Amino acid sequence: MAGTPTTRLTRSRTALSVPSAWALATALFFAAMLVFYFWTAATSIPMSFKPASGGYFGMLADALRHGDLALRMKPPQALLDLPNPYDPVANARFRFAGLDDLSLRNGHLYAYWGPTAAIVLFAPLQALGITVSQSFAVALFGFLGFVFSVAIVRFLVRKFLPDTPRWAMAVAYIALAFGNTVPFILRRPSTHEVASTCGLCFGMLGIWLLLMGWHGSRPSTRKLLAAGVALGLAMFSRPTLGALALIPLVLVVAAWRGKAWPQGLTGRRVLAALFGPLVVCGVLIMAYNIARFGSPMEFGVKFQLNGDDGTEGRTFVPAYIQSRLYNYLLAPPRPTALFPFVRLDPPNLPWRTPADFDAIDPTAGALVLAPVLWWIFLLPVLRRRVDPELRRLLWAMAGTGGIIVLGIACFTWGTTQHYAADFMSLFIMSALLVWMVFLSRTRRGSWRRRLVVGSGLLMVAWGSAVGLAMGLVGYQNRLEVNHPALFHRLEDIFSPVSVVQTRMVGHPVVGSIISPGDRPVTKVAWGSLGQSDDANFYVSVDAASVAFVAPRKGTYHLRGVFGIAANGVSEVPTIMTVKMGKSNWQLTAGVPQYFDVPVRLKAGITRTVWTASAGRLTDQAVVAVQGLSIDGPD
């Protein structure tokens, strides 16, 4: 029956209200993510639009606008006069003065990072009289990379898995927002992160345009050409992203073998549109390197001014590959007793560390941070469950991510989390789509369906929670350093969880340490649920903050070793003062000595302030504290 006019009107209203509600919820989620991304970046390094706020990428854009490949900033003559200007000890004062990580060759300074961000964002805005900070660029590129990754999943679901429930799409949006390692990157939105997020942005844009131009309702060489340009720009930003060319290559090979090119397009036009821009970008990259560093494959690492002791140049070392892969795929994050209860540290390998291998930056394994990635391993069983085109694309995206992580493990020195932006989104998109395939192929109400739904939700919940935690801590705990009141308020709100954790492990813990390091710009953050011997820090006139977490009220003992640091003064007495609430205690520092101080702690979090003074020489009073631990209660 067609139904009465009232019935038809009710149905039409329902049909309109459901999509509108979904669209509104989606828009609100994207708006919230936009705010979160920009808030994370702005509370780490403030955003500025002043002429001097562009950082290295602003300098590079200014140089390119004036037809120069070298930065227009001249290196100090004293640096050029050094017998070896690349000596990390000899050039330290110049690096700390603003030249760190720049490349020096033939009396000129160069930015070794890929120039895409300078070309597409910084230079055009400078031409309009607008200078943006690098933190703004990281937030913008990171958000756009997330948006384009969502567009990719949405397109493939509509094309190949139209029965996927909307709640599953919502789960995918959350996983892509927090699991792509961008929140961690946003907590240190500086030069390296501009290159990483710019590569992510154009890589995801290129894949989305490729799908629109190939599998869209109207195949188009214009879209394929735009896809080739976007993928080329991604490669120009991060050379490792040249592996993204594998995705269109898989489509082209399949079309050539099956003689099934997109409707209305010929093989020649497709090849020219897709690979022409990639070839041009590849040639430009080599020419760019030759003009700067005299070799098509030299990106400037050889000429960098950094703290390298000579190991960074030895990138391809077979003995390192296994350790790097472990760090990028399997290394766990460190659980902590304070909110947000997890942080990334330089990983500890489960085997003997290879000679000279130094994973100096915090890194954690993708399969641990985002366990939804384990669904990728079910790709081989999808042979009869999914359209061959979708299966081919899933293999291409997952395989490209694998090639990228292998390339990073083979040819980059050490490990660092921001490199994970090159492959995490590829892995997450592939895994989510595999999960959706199983979701759509299992009968509702069956135990298999419940298993697929439950496991996927738990995996995404864990990955999103860890991703959010990474976005609050990052490399250098900048939210607490820059906004301690806000961060401590969050810690206090979640302190009942901290108490439960310490009761479970059976002892109090040193929750965190924020201390002036051996350089004024350095901050050190530490936290563990275990009693580790790496709680070492400095105390000076710049106060150090130490937080303890106690399972219950009582008297505890602070133990450790303290003494005058190597860069402190020893001619006059140096007093270390520890303020704990309304009380404080003092120790006189000299030669390294053991201390054991009884303190009264409440259940939960107790914060202490440590300072040092040496008569009138307060600017040189530096005390080193080693192996700080807390035991009890009595």
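These legends accompany close-up views of a predicted model.

View 1. The mean pLDDT of the chain is 87. A score of at least 70 is reached by 91% of the residues. Among the elements, helix H6 (residues 134-160) has the highest mean pLDDT, 97. Strand S6 (residues 523-524) has the lowest, 39. Two stretches call for a closer look. Residues 11-16 have a pLDDT below 50. Beyond near neighbours in sequence, residues 11-16 make two contacts in the model. Residues 518-526 also have a pLDDT below 50. Here the model shows 23 contacts beyond near neighbours in sequence.

**View 2. Helix H2 and its packing partners.** Helix H2 covers residues 55-65. Its buried residues are Tyr-56, Phe-57, Gly-58, Leu-60, Ala-61 and Ala-63. Which helices do the buried residues of H2 pack against? They are helix H4 (92-99), helix H5 (116-127), H6, helix H9 (191-215) and helix H12 (267-293). Just after H2 comes Gly-67, with a positive phi of about 80 degrees.

View 3. Helix H15 spans residues 388-411. Glu-389 and Arg-392 both belong to H15. They sit three residues apart, about one turn of the helix. Residues three or four places apart in an α-helix point the same way, because a turn takes 3.6 residues. The two side chains form a salt bridge, with N to O at 2.7 Å. Glu-389 is partly exposed, at 25% relative accessible area. Arg-392 is partly exposed too, at 26%. The whole structure holds eleven salt bridges.

**View 4. Helix H19 has a buried face.** Helix H19 runs over residues 484-493. Which residues of H19 are buried? They are Phe-487, His-488 and Glu-491. Seen down the helix axis, the buried residues fall within an arc of 95 degrees, so they line one face of H19. Ala-485 and Ile-493 are exposed on the other side of H19.

**View 5. An open sheet of four strands.** The strand order is S7-S14-S9-S12, and the pairing is antiparallel. Strands of a sheet pair through backbone hydrogen bonds. S7 and strand S12 (593-601) stand at the edges. Each edge strand has a single partner, so one side of each lacks a neighbour in the sheet. Neighbouring strands are turned by 40 degrees against each other on average, direction ignored.

**View 6. Bridges across the sheet, strand by strand.** Strand S7 (residues 537-539) meets strand S14 (residues 623-631) through three bridges. Tyr-538 has Ala-624 of S14 as its bridge partner. Seven bridges join S14 to strand S9 (residues 554-564). Arg-559 stands opposite Ser-629 in S14. Nine bridges link S9 with S12. His-557 has Pro-598 of S12 as its bridge partner.

**View 7. Arg-559 forms salt bridges with two aspartates.** Which residue forms a salt bridge with Arg-559 at 2.8 Å between the closest N and O atoms? That residue is Asp-596. Asp-596 lies in strand S12 and Arg-559 in strand S9, so this pair ties together parts 37 residues apart in sequence. Asp-631 also meets Arg-559 in a salt bridge, with N to O at 2.7 Å. Asp-631 belongs to strand S14, so this second pair ties together parts 72 residues apart in sequence. Are the residues of these pairs buried or partly exposed? Asp-596 is partly exposed, with a relative accessible area of 34%. Arg-559 counts as partly exposed at 22%. Asp-631 is partly exposed at 30%.

**View 8. A network of salt bridges.** Asp-62, Arg-65 and Arg-72 are joined into one network. The salt bridges in this network share partners. Side chains of opposite charge can pair when their charged atoms come close.

Methods
Residues numbered from 1 in each chain as written. Heavy atoms only, no water. Pairing = 2+ DSSP bridges. Helix = DSSP H or I, 4+ residues; strand = E, 2+ residues; numbered from the N terminus. pLDDT = per-residue confidence, 0-100. Contact = heavy atoms within 4.5 Å. Buried < 20%, exposed > 50% of the residue type's maximum accessible area, 1.4 Å probe, protein only. Arc of directions from axis to C-beta. Axes fitted to C-alpha atoms, helices over the stretch in contact; angles between N-to-C directions. Salt bridge = Lys/Arg side-chain N within 4 Å of Asp/Glu carboxyl O.
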